[in-house]
Amino acid sequence: MKVSTSRLIGFFLLFFYHCEACAYYKFVVKEVPYTRLCSTKNILTVNGQFPGPTIYVQKGDTIFVDVYNRGSYNVTIHWHGVRQPRNPWSDGPEYITQCPIQPGEKFRQKIIFTTEEGTLWWHAHSEWSRATVHGAMVIYPKMGTSYPFPEPDAEIPIILGQWWKEDIVMLYETFLPSGNIENVSNAYTINGQPGDLYACSKQETFRFNVERGLTYLLRIVNSCISDSNFFSIANHNLTVVGSDASYLKPFERSIISIAPGQTIDVLLEANQSPNHYYMAASVYTVLFKGLFNNTTTTAIVEYSGNYTPSWPPAFPFLPLYNDSQAYDNFTESFRSLADKEHPIDVPMEINTHLFYTISMNSLCKDNFCPVGTKAMILDYNSTVELLFQGTSLFRGSDHPIHLHGFSFYVMRIGLGNFDKDKDPSTYNLVDPPLQNTVHVPKNGWAAIRFRADNPGVWFMHCHFDRHMTWGMNTVFIVKNGKSPETKLLPPPPDMPPC
Ligand SMILES: [Cu+2]
């Protein structure tokens with residue numbers, strides 16, 4: 001097996017940071033000054049880095065992360081997309097599975113990787129601190145196994161983000177009582193940098209060096225607080241090979257769509273004439289103009305060699321901000337590998353049918369609005385089909401819904417109202433993708449299935465933080481099974497107190 005430079009670096013880091021018997025990371029959450037768009041502010045970071053450090057593991061590893069809170073506010077860290085079997089204690093959502101880590105305190109989190117392979121990410125799960133407290137997690141194939149595609153020559157995380165000149169705590173505290181959407185962000189970012197199209201940013205635009213003839217694995221993460229993105233690289237096609245740490249049947253596109261919470265792995269072949277090319281991400285939203293930041297963040301793919309690059313670099317085509325068809329068409333193309341080495345395990349006999357409407361408005365009668373969240377209790381090993389139906393009271397929206405503790409099969413995504421007589425016959429029972437976040441289109445629906453074989457309390461929420469804060473969230477409480485191996489692990493001794 002050919003071992004790429006990237007994997008060698010990854011393994012080097014593994015040994016450097018944590019040998020097999022001592023897989024430890026140290027995350028110091030602290031504020032440090034960062035300057036973007038000619039404006040300096042203190043941001044909350046892990047180890048002073050923005051985006052935060054990348055975690056490298058192999059499939060099936062267990063690691064420990066010592067999280068020290070050296071900031072001034074409560075914080076928690078979530079390992080997005082890691083199933084954490086029987087171990088909700090380290091999952092992270094504040095006041096759901098743990099009390100937050102208070103300033104000056106420390107919590108050792110145990111991260112149990114099992115079936116995940118590909119790219120995930122970690123982020124803060126307390127108020128909106130994840131705006132700057134996030135990073136990628138790279139999960140390599142186990143030693144002796146390989147990718148289901150030709151080994152890439154190198155790899156790189158591409159983290160899409162959102163930047164406010166305003167302090168994030170202030171942003172949240174202004175947003176909360178207003179009942180309105182938050183102040184419009186000042187930039188989108190690629191790996192923490194707004195790029196050439198923003199003021200005072202050119203010097204630090206993120207640059208990525210490639211060598212003609214080589215293939216690169218881009219591990220794309222959308223860490224935005226409130227917007228989905230289109231992403232493209234000028235003159236290059238991207239081969240999509242995975243999403244949410246699960247492989248996909250490869251397909252080629254020039255533009256990808258990615259919602260907050262999702263990760264998408266793509267192969268980039270450096271097969272164009274040596275030059276500089278823009279990679280760019282723009283917003284996809286259902287909001288009216290003026291209510292979102294409509295500029296484009298860029299980074300530059302630079303071929304190595306002796307040549308004079310053209311200026312400006314070629315710019316990729318990106319769809320209009322409200323082009324739902326372009327957006328939805330992409331995510332609906334996901335198909336699991338469903339082969340011998342990567343079998344699927346879709347529950348076929350469903351004993352728990354759930355129908356959840358998702359909406360941001362309610363009709364109130366006589367000033368009474370029936371709001372509130374009901375937890376759903378599931379027996380161990382129940383087979384669940386969950387139908388999300390977007391509704392459009394006054395105005396609809398799309399919603400990237402994320403489930404903790406499980407990956408689920410996306411059986412079908414549709415527009416309009418779900419038809420219980422007709423639509424189930426269109427489910428993909430052959431090769432549905434395995435995801436942890438599903439993008440439910442505006443006024444559309446998504447049907448997912450999973451087996452409740454992970455006891456614990458598991459949060460489920462919209463990954464637009466605005467919607468989550470407004471209450472678009474709930475929990476599943478999955479009961480213990482009968483045998484000791486199907487019961488919750490004991491809580492760690494240092495669970496933070498409230
Ligand atoms: Cu939402």
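**View 1. The span of residues 29–142.** Residues 29–142 are 0% helix and 46% strand, with end C-alpha atoms 30 Å apart. Helices (H or I, at least four residues) and strands (E, at least two) are DSSP runs, numbered from the N terminus. The model is predicted: local features need pLDDT of at least 70, side-chain atom pairs count only at pLDDT 80 or more, and totals for chains, interfaces and linings use all residues. Residues are numbered from 1 along each chain as its sequence is written. The UniProt annotation "domain: Plastocyanin-like", from an unreviewed entry, covers residues 29–142, 156–306 and 365–481. UniProt positions follow the numbering used here, feature names are shortened, and annotations may be inferred rather than shown by experiment. Residues 156–306 are 7% helix and 47% strand, and their end C-alpha atoms lie 24 Å apart.

**View 2. Confidence along the chain.** The protein chain has a mean pLDDT of 93, and 94% of its residues reach 70 or more; pLDDT is the predictor's confidence in each residue, from 0 to 100. Over residues 8–21 pLDDT stays under 50, and the model has 11 contacts beyond four places in sequence for them. Two residues are in contact if their C-beta atoms, placed from the backbone, lie within 7 Å.

**View 3. The buried residues of helix α3.** Tyr 327, Asp 328, Phe 330 and Thr 331 are buried in helix α3 (residues 324–331). A residue is buried if 20 or more other C-beta atoms, placed from the backbone, lie within 10 Å of its own. These residues are on the same side of α3 because they cover an arc of only 155° around the axis, taken from the directions from the helix axis to the C-beta atoms. Their packing partners include β13 (228–233), β18 (276–284) and β24 (408–415).

**View 4. The nonpolar cores.** The largest nonpolar core has 85 residues, and Leu 160 and Ile 220 are among those with the most contacts inside it. Strand β18 gives the most to this core, with seven residues. Another core, of 31 residues, lies apart from it and includes Val 384 and Phe 459. A nonpolar core is a set of buried Ala, Val, Leu, Ile, Met, Phe, Trp, Tyr and Cys residues joined through C-beta atoms within 7 Å.

**View 5. Strand β22 and its partners.** Strand β22 (residues 382–390) pairs with β20 (residues 352–358) in the parallel sense over seven bridges; strands pair if DSSP finds at least two bridges between them. Phe 355 has Leu 387 in β22 as its bridge partner. Strand β27 (residues 444–452) runs antiparallel to β22, joined by eight bridges, and its Ile 448 stands opposite Leu 386.

Technical notes:
Buried ≥ 20, exposed ≤ 12 C-beta atoms within 10 Å, placed from the backbone.
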